Every structure is written in structure tokens, then in C-alpha cells.
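Please read the points below beside the structure. They go through one chain and then through a contact between two chains.

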Amino acid sequence: MKISVQREDFDHGLEVRNLYKHAGAGAVASFVGIVRDVRMTLEHYPGMTENALRKIAEQAATRWKVMDCTVIHRYGELAPHDQIVLVAVASAHRGDAFAACEFIMDYLKTQAPFWKKEHRAEGAAWVEARASDDDAAGRWEPPARKAS
Amino acid sequence: MKVKVLFFASLREQLGTAGEEIELPVGVATVAALRGHLARRGGPWEGALAEKKNVRAAVNQDMVKPGAPIRAGDEIAFFPPVTGG
């Protein structure tokens with residue numbers, strides 16, 4: 001498992017190819033998040049960020065057959081179309097790879113301590129969290145038990 | 001008891017500080033109690049940490065609920081809902 005919180009850019013192709021080597025791996029699913037058309041600064045909580053990402057990845061590995069995974073998240077100054085985040089998961093089959101990749105992204109959006117500040121012509125503003133992100137993470141939780 | 005308090009993102013800017021070591025009075029033993037204690041400083045503290053504000057917390061780098069206990073030497077962080085990814 002590779003977890004990295006870094007200022008530098010990453011090579012998506014290289015990171016994905018690095019997951020090919022696992023015996024029995026038949027699928028690698030990956031997701032890249034990129035900056036839309038606005039300059040931004042990404043702040044994080046050093047120490048907690050890495051731990052939170054590792055825990056999310058470990059949780060995914062308990063739910064699906066994950067052979068290996070890579071999570072890279074950048075911080076600092078980012079420009080339009082820059083890469084922000086990479087999640088890549090290797091598994092025997094595509095179903096587990098797709099699901100684990102989506103689960104890690106959904107949990108990362110609500111659990112990993114990153115904050116975006118957008119710099120627009122009219123000034124800088126912190127991005128507000130979206131309820132839809134909580135909904136996306138919530139759908140992975142087990143259904144509530146019916147009262148007996 | 002003494003604890004370390006940290007603030008991030010918009011909260012850090014509103015309060016004008018990234019954090020401090022603070023000696024807590026007896027009875028301030030949960031995250032919610034600490035938040036109330038800081039809010040009673042008034043001014044920007046009251047505004048940023050008021051109950052109606054959506055503020056999240058972590059104790060020793062683990063996201064926690066407001067009722068979570070705090071102990072001497074803990075690192076307690078307050079921050080707005082996260083927006084990474």
C-alpha cells in the first residue's frame with residue numbers, strides 16, 4: 001500500500017503500472033481528481049492526513065479483495081487542470097477494483113483533513129463542504145437494522 | 001491539565017492563530033466543553049466556535065464526536081468540514 005501526501009505532481013501512468021506486478025492481479029481501477037478552471041490552495045493537517053488515508057484504504061481492503069492500492073493527494077498551490085488526487089486499486093477482478101476505488105474516494109472526501117481555498121478575480125474563498133459528499137460516503141454504510 | 005489546540009483553514013484565519021498550548025480549568029473534559037470554553041473568550045472566538053457553526057474536531061489526529069473525552073497532553077484540532085479530493 002502506498003499513501004503519499006505531497007506538494008509535487010505525480011505520474012498517473014507510472015503509479016498505475018506499478019500495481020501490475022501483483023501475482024493474481026487481473027484489474028487495476030484508478031481515479032484522478034483534477035482542478036477545475038480556478039486557481040486554488042490546498043491546506044491539510046500534517047500527520048492526521050496520512051493516517052486518515054491509510055485507515056480508509058485499510059477499510060476498503062477489509063470489504064473487497066484488494067491486492068494493493070495507491071493513494072496520492074497533493075497540497076499547496078494548484079492551477080487549473082493540475083492533478084489533485086490519485087486512487088488506484090489492484091484486484092483479481094474489475095468488480096472489487098471499481099468498488100474499492102470509489103469507496104476510497106467517497107470516504108476521502110468526507111474524512112481526510114484537506115481544505116480547498118479558491119482564488120478568483122473577486123477574491124479568495126474557502127470551498128464549502130457539500131451535503132452530496134456526505135450522501136456519497138453514507139451509501140457505503142450497512143443499512144440500519146430493523147427494530148424487532 | 002494542559003492540552004495542545006490546533007485550528008485549520010477558515011477557522012485558523014478567523015481566529016488569527018494556528019494553535020496554542022492551553023491550561024484547562026477543572027470540568028473541561030470533552031471536546032464540546034473545550035469548544036465552549038474557547039467560545040467564551042468572545043469576539044472572533046465566539047463567532048467562529050458558536051454552537052450553530054459547523055465545526056469538526058479531532059483528538060490525537062482521529063476524527064471524533066463532540067462528546068469525546070480529552071486528557072492531559074492531548075492534541076485537539078478544530079476545523080471546518082473537509083473539502084479535499
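The numbered points start with how the model is to be read.

1. This is a predicted model, in which local features need pLDDT of at least 70 and side-chain atom pairs count only at pLDDT 80 or more, while totals for chains, interfaces and linings use all residues. Residues are numbered from 1 along each chain as its sequence is written, and chains are lettered from A and ligands numbered from 1 in the order in which they are written.

2. Chain B contains 3 helices and 5 strands. Helices (H or I, at least four residues) and strands (E, at least two) are DSSP runs, numbered from the N terminus. Read from that end, the order in chain B is β-α-β-α-α-β-β-β.

3. The radius of gyration of chain B is 12 Å, which agrees with the value near 12 Å for a compact globule of 85 residues. That radius is taken over C-alpha atoms, and the globule rule is 2.2 Å times the number of residues to the power 0.38. The C-alpha trace of chain B spans about 35 × 30 × 20 Å along its principal axes.

4. Of the 85 residues in chain B, 31% are buried; a residue is buried if 20 or more other C-beta atoms, placed from the backbone, lie within 10 Å of its own. Among contacts in chain B with a separation of 6 or more, 52% are between residues 24 or more positions apart. Two residues are in contact if their C-beta atoms, placed from the backbone, lie within 7 Å.

5. The 5 strands of chain B form an open sheet with mixed pairing, in the order S2-S1-S5-S3-S4. Two strands pair if DSSP finds at least two bridges between them. Strand S2 (19-23) and strand S4 (62-64) of chain B are the edge strands, each pairing on one side only. On average, neighbouring strands of this sheet are turned by 30 degrees against each other, direction ignored.

6. Strand S3 (residues 56-59) of chain B and S4(B) run antiparallel and are joined by 3 bridges. B:Ala58 has B:Met63 in S4(B) as its bridge partner.

7. Helix H2 (residues 31-39) of chain B packs on the sheet and touches S3, S4 and strand S5 (75-79) of chain B. The direction of H2 makes about 65 degrees with that of S5(B). Axes are lines fitted to C-alpha atoms, for helices over the stretch in contact, and angles run from 0 to 180 degrees between N-to-C directions.

8. Between the chains, 21 residues from chain A and 14 residues from chain B take part in the contact. On the side of chain A that touches chain B, H3(A) gives the largest share, 5 residues.

How values were computed. A residue is buried if 20 or more other C-beta atoms lie within 10 Å of its own, exposed if 12 or fewer, and partly exposed in between; C-beta atoms are placed from the backbone.
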